[in-house]
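Dear colleague,

Please find below the structure I am handing over to you, followed by an account of what was found in it.

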Amino acid sequence: MAEAVALGRSVRALTSPNPWVGAVVVPAGPEPVALGATAPPGGPHAEVTALGLAGESARGSTMYVTLEPCSHHGRTPPCTEAIVAAGVRRVVVGVVDPDPRVDGSGIAALEAAGVEVTVGVGAGEVERCLAPYLAHRRRGRPWVVLKLAATLDGRIAAPDGTSRWITGPEARADAHRLRAESDAVAVGAGTVRSDDPALTVRLAPDDPAGERRQPLRVVLGTPPEGARVMPAVVHRGDVEELLDDLGARGVVQLLVEGGAAVAGELHRRGLVDQYVFYYAPALMGGEDGRPMFAGPGVPSIGGAWRGRIESVKRLGPDVRVDVFPAERRDAVP
């Protein structure tokens with residue numbers, strides 16, 4: 001299952017809105033294992049790819065797959081039919097697919113055909129890998145990632161508004177990979193006026209995510225004429241209405257890149273699923289630099305928001321810190 005999770009992660013930026021699934025076929029005999037990962041939309045799912053590589057050795061085999069195999073016709077035929085036709089003896093599933101078109105029906109179809117099914121192996125790691133997809137299917141809204149680049153004293157811009165470049169090239173390249181994993185990227189109109197970002201994915205030519213489609217661009221507020229971010233979805237209403245709309249559009253992950261006013265509102269309303277902080281070894285050295293979050297904070301330390309650090313990664317001279325809410329429905333377990 002660990003190998004299947006790694007396979008799924010390897011195609012993270014290529015498959016959305018389909019889940020990034022990995023599958024491993026372990027033959028009953030001495031033949032080598034066969035590996036598969038979900039192709040871009042319209043291509044084969046992980047199970048079909050692995051079965052194709054396994055060939056006749058799939059008969060009597062055990063398949064490990066991170067997500068419950070689909071049992072419905074979409075862009076491709078049901079994976080359950082391919083598994084049964086290949087003669088797989090046992091399927092080990094990480095987690096049940098909460099998509100209402102699946103949600104246990106894939107497991108039921110396999111068991112009805114005489115295939116032994118085991119569910120829940122490596123479920124914690126699979127939930128972490130597929131968290132954005134699972135959250136979208138469970139609540140109909142995208143997984144919201146708030147990304148901020150700051151100095152060590154928590155400033156995202158100097159008093160005069162300048163902010164390029166706080167972090168170095170390694171951190172900026174990592175942020176573009178984060179964009180490549182997202183279906184939509186949002187900023188506030190203030191950020192558009194001050195920085196005029198394009199919000200496009202710009203990756204190295206040899207990076208497989210470089211072939212991925214560009215994310216949908218979203219502006220909260222009214223952008224100025226001629227802004228590079230256009231054409232974009234312009235939203236002037238309640239941010240939760242935007243999340244509902246993006247979820248209905250099939251946006252699995254929304255990356256929010258600021259500014260401080262947008263970050264403050266999303267944070268205070270508990271709408272952030274994952275915080276990604278890029279810290280540079282720099283100091284503004286005063287209170288007049290712009291903080292990460294605009295607006296009122298908590299009145300005392302007892303009311304401070306508490307999360308948990310999931311990972312810390314060195315990126316050249318900078319550091320990326322991923323933080324999740326300590327308790328949140330549909331968050332990473």
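A pocket, as the word is used here, is an open set of grid points where a 1.4 Å probe fits, with protein on both sides within 12 Å along at least five of seven lines. The model is a predicted one, and its largest pocket has a volume of about 1000 Å³. This pocket is lined by 41 residues, of which Ser163, Thr191, Asp195, Glu257 and Gly258 are the closest to its centre. Two or more lining residues come from each of β6 (143-151), β7, α7 (169-180), β8 (184-188), α8 (189-195) and α10 (260-268). By class, the lining comprises 19 nonpolar, twelve polar and ten charged residues.

Strand β7 covers residues 155-157 and includes arginine 155. Arginine 155 counts as buried because its relative accessibility is 16%, under the 20% limit. A polar atom of its side chain lies 2.9 Å from the backbone oxygen of glycine 289. Gly289 is also among the residues that arginine 155 touches, as are Ala149, Ile166, Met284 and Glu287. Phenylalanine 293 is 138 residues away from arginine 155 in sequence, yet the two C-alpha atoms are 9.4 Å apart.

As to the cysteines, the whole structure contains zero disulfides. For cysteine 79, the closest cysteine sulfur is that of cysteine 70, at 3.7 Å, which is too far for a bond because a disulfide requires sulfur atoms within 2.5 Å. Cysteine 79 is buried at 1% relative accessibility, and cysteine 129 is buried at 9%.

With kind regards

Technical notes
Residues are numbered from 1 along each chain as its sequence is written. This is a predicted model: local features need pLDDT of at least 70, side-chain atom pairs count only at pLDDT 80 or more; totals for chains, interfaces and linings use all residues. Side-chain values use heavy atoms; hydrogens and water are left out. Helices (H or I, at least four residues) and strands (E, at least two) are DSSP runs, numbered from the N terminus. Buried means under 20% relative accessible area, exposed over 50%, partly exposed in between (1.4 Å probe, protein chains only). Contact means heavy atoms within 4.5 Å. A polar contact is a pair of N or O atoms within 3.5 Å; within protein, one must be able to donate a hydrogen and the other to accept it, and residues adjacent in sequence count only if both atoms are side-chain atoms. On a 1 Å grid over the protein atoms alone, a cavity is a set of points where a 1.4 Å probe fits but cannot get out, and a pocket is an open set with protein on both sides within 12 Å along at least five of seven lines; lining residues have an atom within 4 Å of a point. Grid points are joined across faces, edges and corners, and a volume is the space filled by probe spheres set on the points. Ala, Val, Leu, Ile, Met, Phe, Trp, Tyr, Cys and Pro count as nonpolar, Asp, Glu, Lys and Arg as charged, and the others, Gly among them, as polar. Lists of a residue's contacts leave out its neighbours within four places in sequence.
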